[in-house]
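Thanks for coming. Please have the sequence and the structure open.

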Amino acid sequence: MTSSTVLPECLNVATKAGVEQCGDAMFQLASRLYPIPRSITGDGVRTSLKILQEYLPLTLHEVPTGTEVFDWTVPQEWNIRGGWLRDPTGKKIVDFADHNLHILNYSIPMNGRFSLEELRPHLFSLPDQPDLIPYRTSYYNRNWGFCIPHSLYERLPEGEYEVFIDSSLEDGHLTYGEFLLPGETEEEVLFSSHCCHPSLANDNLSGVVIAAMLGHLLSARPQRRYSYRWVMAPTTIGAITWLARNEHRVSNIRHGLILSCAGDGGSITYKKSRRSDTEIDRAFAHVLRHSGEPHRILEFSAWGYDERQYCSPGFNLPVGCLLRTPNSQYPEYHTSGDNLSFLKPWALADTLIKTLSVIDILEGNETMVNQKPKCEPLLGKRGLYRGVGGGSSQEVALLWVLNQSDGQHSLLDIAEKADLPFAEIRRAADALAGTDLLRSS
Ligand code: ZN
């Protein structure tokens, strides 16, 4: 598959067909990334980022093992080539080649024979979901193990088992990808997605493919007020590493968004930044309220994704988190059930479109000043009633913009007060700015 079949040159998200095309393209990209055995370090992340480079010109940064990043240290690099478990009859009952969740992520290499009793502490299964393979990691404790369906675990006979795990854990690098798309100002919008989970679709890949598509679409815009930065990094340690290396740069971040678990069939969820009333918090609340669709707005919590790092008190950045069904609130979470059939192209597209609506607000929000603030000016003689249609909500929008544009209220403030979609307020402001009535402050 070539990149041109995945991300066509021109995607017009203003049309229903274009939106569907975006959803299909993101799903195809997720399908390419899904089988790659990723972890917080290693070739899986590198291979994934190199595929993503076809859509977004990410720079790959390699940070050596042992690098101090705030209170953490970049760990050794883990790579996995294969692994299996044979039962006492010699039959291969678990094979990494069948599913890359089968090997405990960060498992040390192992080659030996073990009794069932010795083996059991190294087996991970889900008694309540007996047919699913759990996703388990052991990043900071040296361990080995297999993740298996509980239905298999319960059938294991007594006897001697043969274990083979062909992995390596040695000094190397942590890899992350980064891309800056310049705009008219150095003020930045940050998109951060984790890319460290192996074959899990909604948790990690949904965020990555939506971020890639945002990059594709925003790069094609002729004008951008903000610069846009993408960070694709392993969760927790990757975000900590990026922040440690870019502390001098974060003051440019005006708005930020974590994207994850954003492609399932559930309704959309926005989790506010730690500050809770930043412009991006308000813009998402506005877009979701005016969508007329079910949604959730969650207050900030200290548990979740990399907002824990970006919104730590020493940074306290205006970074929210966009999801559909929140992590750990769907039964497929961190299991083999979070696969490509759990990911919906329409849901990926819906998350993308709502994020673009928020970007339109961020790009278009400003504070303006009414140049004739004493009583209402006569709109008719400036052609504004005729120009935008009398008696409509657009006429009401004109009056709201004139009334509130005292240099103190932004267009988003006005849209909220007027309970009108931001786009209508922006259109009214543009119409007024085309006359002698309104100027940017
Ligand atoms: Zn996860």
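How many of the 10 residues of strand 4 (residues 77–86) are buried? The count is 8 of the 10, so strand 4 is largely enclosed by the rest of the structure. Buried means under 20% relative accessible area, exposed means over 50%, and partly exposed lies in between, with a 1.4 Å probe and protein chains only.

Before going on, the ground rules. This is a predicted model, where local features need pLDDT of at least 70 and side-chain atom pairs count only at pLDDT 80 or more, while totals for chains, interfaces and linings use all residues. Residues are numbered from 1 along each chain as its sequence is written, and side-chain values use heavy atoms, with hydrogens and water left out.

Back to strand 4 and its partners. Two strands pair if DSSP finds at least two bridges between them. Strand 4 pairs with strand 9 (residues 160–170) in the antiparallel sense, over 9 bridges. In that pairing, Asn79 stands opposite Ser168, and Trp84 is opposite Phe164. Strand 4 also pairs with strand 5 (residues 92–95), again antiparallel, over 3 bridges. Here Trp84 stands opposite Asp95. The hairpin of strand 4 and strand 5 has 5 residues between the strands, and Gly90 takes a positive phi near 90° there. Strand 9 has a further antiparallel partner in strand 6 (residues 110–115), over 6 bridges. Arg113 stands opposite Glu162 in that pairing.

Now the whole chain. The protein has 14 helices and 19 strands. Its C-alpha trace spans about 95 × 40 × 40 Å along the principal axes. Of the 441 residues, 56% are buried. The accessible surface, from the Shrake-Rupley method with a 1.4 Å probe and, for residues, only the protein chains shown counted as cover, comes to about 18,200 Å², and 50% of that belongs to carbon and sulfur atoms. A contact means heavy atoms within 4.5 Å. Among contacts between residues at least 6 apart in sequence, 79% join residues at least 24 apart.

The domain assignment, which is automatic or from a database, gives domain 1 as 3–74 + 173–363, domain 2 as 79–170 and domain 3 as 366–440. The C-alpha centres of domain 2 and domain 3 are 65 Å apart.

Next, helix 3 (residues 43–52). Of its 10 residues, 7 are buried, so helix 3 is largely enclosed by the rest of the structure. The buried ones are Gly44, Val45, Arg46, Ser48, Leu49, Ile51 and Leu52. They pack against helix 2 (16–33), strand 1 (59–64), strand 4, strand 10 (173–181), helix 6 and strand 12.

Asp203 counts as buried, at 0% relative accessibility, whereas His334, at 21%, counts as partly exposed.

Last, the rings. A pair of aromatic rings is described by the distance of the centres and the angle of the planes. Rings of Phe, Tyr and Trp (its six-membered ring) pair if their centres lie within 6.5 Å; planes under 30 degrees apart count as stacked, over 60 as edge-to-face and the rest as tilted. The structure holds 15 aromatic pairs. One of them, Tyr139 with Tyr140, is edge-to-face, at 6.1 Å centre to centre and 75° between the planes. Tyr140 is partly exposed, at 45% relative accessibility. For Phe191 and Tyr228 the centres are 6.2 Å apart and the planes at 10°, so that pair is stacked. Phe191 belongs to strand 11 (residues 188–194) and Tyr228 to strand 12 (residues 227–233), 37 residues apart. Phe191 is buried at 2% relative accessibility, and Tyr228 is buried at 1%. Finally, Trp72, Trp78, Tyr106, Tyr139 and Tyr140 form one aromatic cluster.

Note on methods. Helices (H or I, at least four residues) and strands (E, at least two) are DSSP runs, numbered from the N terminus.
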